[in-house]
Amino acid sequence: MLAEQGRPQAVDPRNGSTATDFILVGFEQSSPSTQALLFALFLALYSLAMAMNGLIIFITWTDPRLSSPMYFFLGHLSFLDVCFITTTIPQMLVHLLVKNHTVSFASCMTQMYLVFCVGVAECILLAFMAYDRYVAICHPLSYALIMSQQVCVRLVGTAWSFGLINGIFLEYISFRNPFCKGNHIENFFCEAPIVIALACGDPLLSMKAIFADAIVVLLSPMVLIVISYGRILSSILGRASSSGRGKTFSTCASHLTVVILLYTSAMFSYMNPRSTHGPDKDKPFSLLYTIVTPMCNPIIYSFRNKEMKGAMVRALGRAGLAHAESV
């Protein structure tokens, strides 16, 4: 069944009519005091994530001392985090304040596409960042030649292009059937496996397509990450000094922590059978990769870096001096 102008509709099983909206259940069953507490908590986390990622974007794109490929990739990672967290959290904050939790099909489709696009691009970018560390540690003399500016731009463009194209495929898979099993989404945003479960007929084919796609966009980059860090480990154990090993392990550990946070939550959401899922299990993992990971990335990957700390101090110092002069 298709709505006017080709937009899919959901069939309301209660009266046989077509519904043009989804209802995000999210935290609807929580008490008003709990919702107020959650609003304050998530608003603080969202503000913190936006501020930290925004600062990293600013200093990596403006500070000439941070001109290496590692910081180029890091700036784009923070930009993806800003896009990702803004796609889901502001809507959740609004729904914690108002009683109307409905979203239109167009809004739900747009949100799902952006989540697909940015999430896939981030997975691929993390793999390229692992490759960058491999070249820097294992081939230091050829690093500038291998990871030239043109190569870095192409790698970032590849991550974005794959995310944009893959998002179209996943969007089609999710909305190719009409919806006749209700329109209540047991989460705080339109997440693909939950939406697919509301479609008419057997959702098994669509879920298999989502699973196969997850293998490509999650496991393939993971293979590149494992190979890169396997060679890094072999190289530094064979020739580096104790102090050099510690510095290298620190850089690698930060990146691996980011990878583990994102991949664990994404794999649970998109590579597990839906029979093992439920609202109490889905929401914590959804919160992990939609708000916790974007907030933690600047801390665990950037703030432990001395060059990044110095750039932040310089940026904040310039901001403070400009404010004092204006006063």
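Which residues does UniProt list for "transmembrane region"? I looked up the unreviewed entry, and it lists residues 36-59, 71-93, 113-131, 151-169, 209-227, 248-266 and 286-304. UniProt positions are given in the numbering used here, feature names are shortened, and annotations may be inferred rather than shown by experiment.

**Ground rules.** I work from a predicted model, in which local features need pLDDT of at least 70 and side-chain atom pairs count only at pLDDT 80 or more, while totals for chains, interfaces and linings use all residues. Residues are numbered from 1 along each chain as its sequence is written, and side-chain values use heavy atoms, with hydrogens and water left out.

**Confidence.** I checked pLDDT, the predictor's confidence in each residue, from 0 to 100. The protein has a mean pLDDT of 79, and 79% of its residues reach 70 or more. Helix α4 (residues 143-146) has the highest confidence, at 92, and strand β2 (residues 18-19) the lowest, at a mean of 47. Helices (H or I, at least four residues) and strands (E, at least two) are DSSP runs, numbered from the N terminus. Over residues 1-7 pLDDT stays under 50, and I note ten contacts (heavy atoms within 4.5 Å) beyond four places in sequence. Residues 12-19 also stay under 50, with 16 such contacts. Where pLDDT is low, the predicted coordinates should not be read in detail.

**Two listed spans.** I took residues 36-59: the span is 100% helix and 0% strand, with its end C-alpha atoms 35 Å apart. Residues 71-93 are likewise 100% helix and 0% strand, and there the end C-alpha atoms lie 32 Å apart.

**Sheet.** I found an open sheet of three strands in the order β4-β3-β5, with mixed pairing. β4 (102-104) and β5 (184-185) are at the edges with a single partner strand each, so one side of each has no neighbour in the sheet. Two strands pair if DSSP finds at least two bridges between them. Strand β3 (residues 21-24) runs antiparallel to β4, and three bridges join them. F22 has V103 in β4 as its bridge partner.

**Salt bridge.** I searched for a side-chain nitrogen of Lys or Arg within 4 Å of a carboxyl oxygen of Asp or Glu, and the count is one. R133 pairs with D132, the closest N and O atoms being 3.0 Å apart. Is R133 buried or exposed? R133 is buried, because its relative accessible area is 11% (buried means under 20%, exposed over 50%, partly exposed in between; 1.4 Å probe, protein chains only). D132 is buried at 1%.

**S206.** I placed S206 in helix α7 (residues 204-239). S206 counts as buried because its relative accessibility is 3%. Leaving out residues up to four places away in sequence, S206 touches I173, R176, N177 and I196.
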